[in-house]
Amino acid sequence: MQFSQITRNLKTSFILTLIAGSWAITKAEQPTYRLPGQHQQQHGDLMASRSNSNIKVDNTTHFLESLFNEEEEPEYDIYTEGWNSKHVNCYNAADVPARAKIDVSRFSMPHPGYLTSPYGYRKRFKRMHKGVDIKVQVGDTIRAAFDGRVRITNYEARGYGYYVVLRHTNDLETVYGHLSKFLVKDDQYVKAGDPIALGGNTGRSTGSHLHFETRYMGYAINPCAIFDFANQTTHTDYYTFTKETYQDARNFSAEANERYAAEYRKANPNVRTPGKSSATSSSPAKYYTIKKGDTLARIATKNHTTVKKLCALNGISSSKKLKPGTRLKVK
Ligand SMILES: [Zn+2]
């Protein structure tokens, strides 16, 4: 972080910027982390049409804040807190090159839904939103964004809910949160476009959506820097990671997203829109602490809901063994 701040401060100084730039290039040429036994199978059939876009760096976060439904997001960063022995963080910020060219040409959109919340700092919750939220329905198929391998399948009640982390052959990692069901196992190899999970509303989430992150060695890149969600493609075949610009969106316009959202809703009439228009999806989530002897049926009755709804909300089956003291989402 310090480096980016220093360079920002010195932006006016041409000579120093040049020095920083040449240092960055040398660092980028150093080998970066690769998958063990990385698979190189080609499959070009998944590529959507690519737009010949001009790259425009735009800090749209502030502008967009008023346009999107803000939702409180995971309290924990899976790369620091809540990490366990099974999921070792192998990234050390000091080892991250200042610049890296990443091949994103063989991709799949994780889901065709429109964006309901952007990447960036959320004033209301005094917290960074390290990904984007994509409208999905409970049970929608979520797909791997790139070729890679499943690093984590886990559950975090107060954060991501059921989530998957993939490590990709292009050195990116992607995170998929609030899922209702896993379709992959840890260490499994996946190709771009392979179904990895079903969308849901688990964890800290009100209204079904997919929380989607793109990361490079732990740095959460704005997914709108890589993906053009309104056109369901990647902006360019290569994304250049730099410590200065990884939070910036590229070619992203709220109007284009709204146009795409309207198209998507028309094609998917059952999709409920979160936020302003819908009282149910914008109301805060409610939790119930399980007591000894509780059954799903009893909890459903107590909370004026149904077992089916409870199962969908929490991504559990009706035969799930209930643990007293743990919390269930009831709304
Ligand atoms: Zn999110």
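pLDDT is the predictor's confidence in each residue, on a scale from 0 to 100. That matters here, since this is a predicted model. Averaged over the chain, pLDDT comes out at 76, and 68% of the residues reach 70 or more.

Two stretches call for some care. Over residues 1-66 pLDDT stays under 50, and the model has 71 contacts beyond four places in sequence for that stretch. Residues 275-283 also stay under 50, with 11 such contacts in the model. Where pLDDT is low, the predicted coordinates should not be read in detail.

## A three-stranded sheet

Now to a sheet you can pick out by eye. Three strands make up an open, antiparallel sheet, and their order is β7-β13-β11. β7 (141-143) and β11 (181-182) are the edge strands with a single partner each, so one side of each has no neighbour in the sheet.

Which residues make up β13, the partner of β7? That strand covers residues 195-198, and the two pair in the antiparallel sense over three bridges. If you want a landmark, look for Arg143, which sits opposite Pro195 in β13.

## The largest nonpolar core

In soluble globular proteins, nonpolar side chains tend to be buried together. The largest nonpolar core in this model has 46 residues, and the members touching the most others are Tyr163, Val164, Tyr176, Leu179 and Cys224. Strand β9 (residues 161-168) supplies the largest share of this core, with five residues.

Tyr163 is a handy place to start looking. Leaving out residues up to four places away in sequence, Tyr163 touches Asn154, Glu156, Val175, Tyr176, Gly177 and Leu179.

Technical notes:
Residues are numbered from 1 along each chain as its sequence is written. This is a predicted model: local features need pLDDT of at least 70, side-chain atom pairs count only at pLDDT 80 or more; totals for chains, interfaces and linings use all residues. Two strands pair if DSSP finds at least two bridges between them. Helices (H or I, at least four residues) and strands (E, at least two) are DSSP runs, numbered from the N terminus. A nonpolar core is a set of buried Ala, Val, Leu, Ile, Met, Phe, Trp, Tyr and Cys residues joined through C-beta atoms within 7 Å. A residue is buried if 20 or more other C-beta atoms lie within 10 Å of its own, exposed if 12 or fewer, and partly exposed in between; C-beta atoms are placed from the backbone. Two residues are in contact if their C-beta atoms, placed from the backbone, lie within 7 Å.
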